[in-house]
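This report covers one protein chain and a selection of its residues. The sequence and structure come first, and the text follows.

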Amino acid sequence: MDMKEHLIEIHEQAKKWVEEIIPFIKESILTKLTVDTKSSANDLVTNVDKAVESHFRAKIQETYPTHGIIGEEHGYEGVKGSFDSIWVIDPIDGTTNFVKQKDYFCVLVSYYEKDIGELAYFI
């Protein structure tokens, strides 16, 4: 499998995971959120942030157990050593907007190989 085929396979998997999480995010806009703070009163995290990151972590770990994962909510949790392939997840970018307006936020997921950004998804 050449490099392009390899990235196409990863892209198809990631696209599927994105499509799976969209209904949850849409539903969450209509439900009561659990909101906590992290480093300060302006640094918010919700139950949706945690659930979205957990969704992607579980899918990546199941499908690509040798890939590393960095997430905004769990950092390097479970990541030991160095990786040629690594995923970066910001489950709700714009959490304050998500909490206050239910608008102007996105989910960011990116994939790197050997420190080069290869794929990125904005939901």
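## Surface and charge

The accessible surface of the protein chain amounts to about 7,400 Å², and 52% of that area belongs to carbon and sulfur atoms. Accessible areas come from the Shrake-Rupley method with a 1.4 Å probe, and for residues only the protein chains shown count as cover. The model is a predicted one, in which local features need pLDDT of at least 70 and side-chain atom pairs count only at pLDDT 80 or more, while totals for chains, interfaces and linings use all residues. Residues are numbered from 1 along each chain as its sequence is written, and side-chain values use heavy atoms, with hydrogens and water left out.

Of the 123 residues of the protein chain, 36% count as buried (buried is under 20% relative accessible area, exposed is over 50%, and partly exposed lies in between, with a 1.4 Å probe and protein chains only). The protein chain carries 13 positive and 22 negative side chains, where Lys and Arg count as positive, Asp and Glu count as negative, and His and the chain ends are not counted. The centres of the two sets lie 5 Å apart, with the place of a charge taken as NZ of Lys, CZ of Arg, CG of Asp or CD of Glu.

## Fold and dimensions

The protein chain contains 3 helices and 6 strands. Read from the N terminus, the order of elements is α-β-β-α-β-β-α-β-β. The radius of gyration of the protein chain is 15 Å, close to the 14 Å that the globule rule gives for 123 residues, so the chain is as compact as a globular protein of that length. Helices (H or I, at least four residues) and strands (E, at least two) are DSSP runs numbered from the N terminus. The radius of gyration is taken over C-alpha atoms, and the globule rule is 2.2 Å times the number of residues to the power 0.38.

Along the principal axes, the C-alpha atoms of the protein chain fill a box of roughly 45 × 30 × 20 Å. Among contacts in the protein chain between residues at least 6 apart in sequence, 48% join residues at least 24 apart (contact means heavy atoms within 4.5 Å).

## Salt bridges

The count comes to 4 salt bridges, a salt bridge being a side-chain nitrogen of Lys or Arg within 4 Å of a carboxyl oxygen of Asp or Glu. One of them joins the side chains of Glu 12 and Lys 15, at 3.8 Å from N to O. Both residues lie in helix 1 (residues 3-29), 3 residues apart, which is about one turn of the helix. Glu 12 is partly exposed at a relative accessible area of 42%, and Lys 15 is partly exposed at 34%.

Another salt bridge is formed by Lys 59 and Glu 20, whose closest N and O atoms are 3.4 Å apart. This pair links distant parts of the chain, with Lys 59 in helix 2 and Glu 20 in helix 1, 39 residues apart. Lys 59 is partly exposed, with a relative accessible area of 26%, and Glu 20 is partly exposed, with 33%.

## Lys 50 and its surroundings

Lys 50 is located in helix 2 (residues 47-63). The side chains of Lys 50 and Asp 36 meet in a salt bridge with an N to O distance of 3.7 Å. That pair also links distant parts of the chain, since Asp 36 belongs to strand 1 (residues 35-37) and the two residues are 14 residues apart. Lys 50 is partly exposed, with a relative accessible area of 37%, and Asp 36 counts as partly exposed at 36% relative accessibility.

Not counting residues up to four places away in sequence, Lys 50 touches Asp 36 and Val 45. The C-alpha atoms of Lys 50 and Pro 91 are separated by 7.3 Å, although the two residues are 41 residues apart along the chain.

Phe 83 sits in the loop between strand 3 (68-71) and strand 4 (85-93), and counts as partly exposed at 26% relative accessibility. Residues up to four places away in sequence aside, Phe 83 touches Thr 66, His 67 and Gly 68. Gly 68 is 15 residues from Phe 83 along the chain, and their C-alpha atoms are separated by 5.8 Å.

Ser 110 is placed in strand 5 (residues 106-113) and counts as buried at 14% relative accessibility. Apart from neighbours within four places in sequence, Ser 110 is in contact with Ile 86, Trp 87, Val 88, Leu 119 and Ala 120.
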